[in-house]
Amino acid sequence: MEDNSTIMKVIDYIENNLDGKLSLDKVAGKAGYSKFHLNRLFSERVGLTLYKYIQLRRLTVAAEKLVNTKKPIIEIAYEANYDSQQSFTLAFRQLYLCPPQKYRITGVHTPKLNR
């Protein structure tokens, strides 16, 4: 089905640009759809809005970096496209139920959303 192919292309684009600025307008433009139609299509197929998918993937990658690197948390936060360590910590805690520093100390990465 053409819609599934489009969704796979959108996911590929997102995955290849996770560390950059990804707006709904930009992703929709790459897919050749209006942002409203693409978001509806994506939500139906994936079960998440585009925004939520991007957020969860970025936080999952950040969690992996916390466990597997010695990078400062603020650097990981910026790489995940958060403007501050505070906003990153809030989002991270909501998903992983603990702050980034505590997650790092546990040393075990549990992906919340894989590709």
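Helices (H or I, at least four residues) and strands (E, at least two) are taken as DSSP runs and numbered from the N terminus. On that basis the protein chain follows the pattern α-α-α-α-α-α-α along the sequence, with seven helices and zero strands. The model is a predicted one, in which local features need pLDDT of at least 70 and side-chain atom pairs count only at pLDDT 80 or more, while totals for chains, interfaces and linings use all residues. Residues are numbered from 1 along each chain as its sequence is written, and side-chain values use heavy atoms, with hydrogens and water left out.

The C-alpha trace of the protein chain spans about 45 × 25 × 20 Å along its principal axes. Of its 115 residues, 37% count as buried, where buried means under 20% relative accessible area, exposed over 50% and partly exposed in between (1.4 Å probe, protein chains only). Contact here means heavy atoms within 4.5 Å. Among contacts in the protein chain with a separation of 6 or more, 55% join residues 24 or more positions apart.

A nonpolar core is a set of buried Ala, Val, Leu, Ile, Met, Phe, Trp, Tyr and Cys residues joined through side-chain atoms within 4.5 Å. The largest such core has 33 residues, of which I14, V27, F88 and F92 touch the most other members. Two or more residues come from each of α1 (2-16), α2 (24-31), α3 (35-46), α4, α5 and α6. Helix α4 gives the most to this core, with eight residues. Not counting residues up to four places away in sequence, V27 touches V10, Y13, I14, L22, L38 and L50.

Helix α6 covers residues 85-96. The expected span of a helix is 1.5 Å times one less than its number of residues. The buried residues of α6 are F88, T89, A91, F92, L95 and Y96. What covers them includes α4 (50-68), α5 (73-79) and α7 (100-106).

Two packed helices are described by the angle between their axes and the distance between the axes. Axes are lines fitted to C-alpha atoms, for helices over the stretch in contact, and angles run from 0 to 180 degrees between N-to-C directions. The axes of α4 and α6 come within 11 Å and cross at roughly 95 degrees. Angles under 35 degrees count as roughly parallel, over 145 as roughly antiparallel, 65 to 115 as roughly perpendicular and the rest as oblique. Helices α4 and α6 are therefore roughly perpendicular to each other. Their contact is made by Q55, L56, L59, T60, A62, A63 and L66 of α4 and by F88, A91, F92, L95 and Y96 of α6.

T60 lies in helix α4 and is buried, with a relative accessible area of 3%. Leaving aside residues up to four places away in sequence, T60 touches Y96, H109, P111, K112 and L113.

Two loop residues remain. Most residues other than glycine have a negative phi. N81, in the loop between α5 and α6, has a positive phi near 70 degrees. L97 is found in the loop between α6 and α7, and its phi is also positive, near 60 degrees. L97 is exposed, with a relative accessible area of 71%.
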